[in-house]
Amino acid sequence: MPLQTFKITARQQPLVMERLLQVVRYRCFTLHSVSMFPNNADDELSIELSVDTDKSVENLKKQLLKIIDIKQITVEDQARQKIIA
Amino acid sequence: MTGAELVLKILEQHGVDSMFGYPGGAIMPIYDAIYDSPIKHYLCRHEQGAAFSAVGYARASKKVGVCLATSGPGATNLITGLADAMSDSVPVVAITGQVSTKAMGSDAFQEVDIIGLSLAVTKHCVQISSVDELPAAIEEAFAIALSGRMGPVLIDIPKDIQLAATDLDYTKPETCDDLDAQQVSSLLEQAKQLLAAAQKPILYVGGGVGMANAVTEVRDFINATGIPTVSTLKGLGAVNPEQSNYLGMLGMHGTKAANIAVQQCDLLIAVGARFDDRVTGKIAEFAKHAKVIHFDIDQAEINKVRVADVAVLGNLAANINVLATSLAIKPWQEHCQQMAQDFAWRYDHPGSKIFAPALLKTMSDLMPNSSVVTTDVGQHQMWAAQHVAIHQPENFLSSGGQGAMGFGLPAAIGAQVSRPDDTVIAISGDGSFMMNVQELGTLKRYNIPVKIVLIDNSRLGMVRQWQQLFFQERYSETDLSDNPDFVMLARAFDIKAQEITDKQQIQSALTEMLAHDGPYLLHVRIDEMDNVWPLVPPETANESMLESVKS
């Protein structure tokens, strides 16, 4: 299955990672990897999350954007990146 | 001032006049503050009843419903009500007490991770860690509950924070207009072109129309275009039921005319609807010759189930008007109207037993158009959706997305509290009614004049119907013939009650019930083998309706 990576900027709130992972699981995407780094200066979190999926990442992105504490999401198609490289 | 008193003050400034709940250890400071508050608290007899009452209050009044519970089991009992509010997009703010911050994480008495539990059934949830956070958190909770696609928010407040002294005062800030300016004109132009080219368009109306306050605009659009129209369960009331092009509800128990028209259409305009599986049947077969225009407030609904040819996000009331123009679709209108006539409901029924559709049609004719009708879940719910004429979406309250049994009575209590001058009727079945029967105590305590029509077939009727049709008549655990005496049960709560068994009794019994000025239970016995028709079997195209199977 293709690997898709979401680069996420979120408010630094205790619940945000739980919410994020719950939505990924509930919407039937398989988590491949996740990392999180605080940016204390901006009171933000930088999150990188990869999923294995054949499903629409655009639909998952829209569901993740409904989480109140998530500010921005960009999606990278890693398979496509490799082809470009 | 304490944190608890501050909570009540903030609620009051948000216009909360009524709330529903149940006290317990970890929320006692808030209940102590309620003692001196002008907000009327309704003591329900189970926290699930409180949550459903808050939902009923919110849906009937278009205001935020508020419910309260203590920590642990009190909080977990709210979960089903929150799930219902989440699925049906109902603005509810739930406040739970939590054990004191020093005890949190120690598996203290009545401690449960309600934040973890509520993640999946709330639009947002927050645990307060300092009394200073209360004003902003509650402010945000109301804003989130009401914004965009509405939904429930839970605020968990540890007991020591409720007790903490604070100098904070609170004045509700001026509301800001947070509507995004939508760049929709080119999309609307594409939609207009699709509509102009369509020979057989259908308008598919969902619950979002009422929630977007777009009923007038959608009705204007229907009048201007003459477009044949169908409704979802939650959309009932958005379209005038007497409208000549209205074909009724679509989906699993929809009308034959509505389902066939949708399958035949070449353009489907979905307004505030989400292509639910109970509506579409087998999705690959649903309106498969149609192009789709989808109007919604929630971008996550766009292309979630059915890919739209044109999707318009944002203010439905403003956007739908742009498409309002007369259409040259007379042959299609005539075809749809002919189907509506050919497949109209029939109320003739042999024998003396009560036929629930005829009972509900009579009730619909007798009740004022402003009445609020709530339902539980099962056969009676589908009969109500089919045979009761609903004139506004806030007048029909049913658990749509979750199909939560036990919804009807507490939702009716919430609706009656919010609209004391309107008739409120809870239509229930004997299975559902027993799920929140304790709320008869709430009716009695406050003398809330809800009328209950309890349609009793001594079975879990809808499950029994499916067992008959799809499980080789293996009636596993659906026999409820040991039900209590419901009339005696109502009278034990000092509620007037009557039982009817013969169709000759319908008119006078309903008249008496509607004329009674207090709560009333009408116990209606029906045949245990009566079924709901038509029925689209699961995973089947909507034109493949079963219409009658001999019991």
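## Contacts and overall form of chain A

Two residues are in contact here if their C-beta atoms, placed from the backbone, lie within 7 Å of each other. Among the contacts in chain A between residues at least 6 apart in sequence, 72% join residues at least 24 apart. The model is predicted, so local features need pLDDT of at least 70 and side-chain atom pairs count only at pLDDT 80 or more, while totals for chains, interfaces and linings use all residues. Residues are numbered from 1 along each chain as its sequence is written, and chains are lettered from A and ligands numbered from 1 in the order in which they are written.

Chain A has three helices and four strands, where helices (H or I, at least four residues) and strands (E, at least two) are DSSP runs numbered from the N terminus. Along the sequence, these elements of chain A follow the pattern β-α-β-β-α-β-α. The radius of gyration of chain A, taken over C-alpha atoms, is 13 Å, close to the 12 Å that the globule rule (2.2 Å times the number of residues to the power 0.38) gives for 85 residues, so chain A is as compact as a globular protein of that length. Its C-alpha atoms fill a box of roughly 35 × 30 × 20 Å along the principal axes. Of the 85 residues of chain A, 20% count as buried; a residue is buried if 20 or more other C-beta atoms lie within 10 Å of its own, exposed if 12 or fewer, and partly exposed in between.

## Helix H11 of chain B

In chain B, helix H11 spans residues 215-225, and its buried residues are B:Val215, B:Glu217, B:Val218, B:Phe221, B:Ile222 and B:Thr225. These buried residues pack against strands E7 (201-205), E8 (229-231) and E10 (267-271), and against helices H10 (208-211) and H14 (316-322), of chain B. Just after H11(B) comes B:Gly226, which takes a positive phi of about 65°.

## Backbone features of chain B

Most residues other than glycine have a negative phi, and most peptide bonds are trans. B:Asn447, however, has a positive phi near 50°, and it lies in the loop between helix H20 (440-446) and strand E16 (451-456) of chain B. B:Asn447 counts as exposed because it has 11 C-beta neighbours inside 10 Å.

Phi is also positive at B:Asp494, with a value near 65°, in the loop between helix H22 (486-492) and strand E17 (496-500) of chain B. With 13 other C-beta atoms within 10 Å, B:Asp494 is partly exposed. The peptide bond from B:Trp533 to B:Pro534 is cis, its omega being near -5°, and B:Pro534 is found in the segment after strand E18 (520-525) of chain B.
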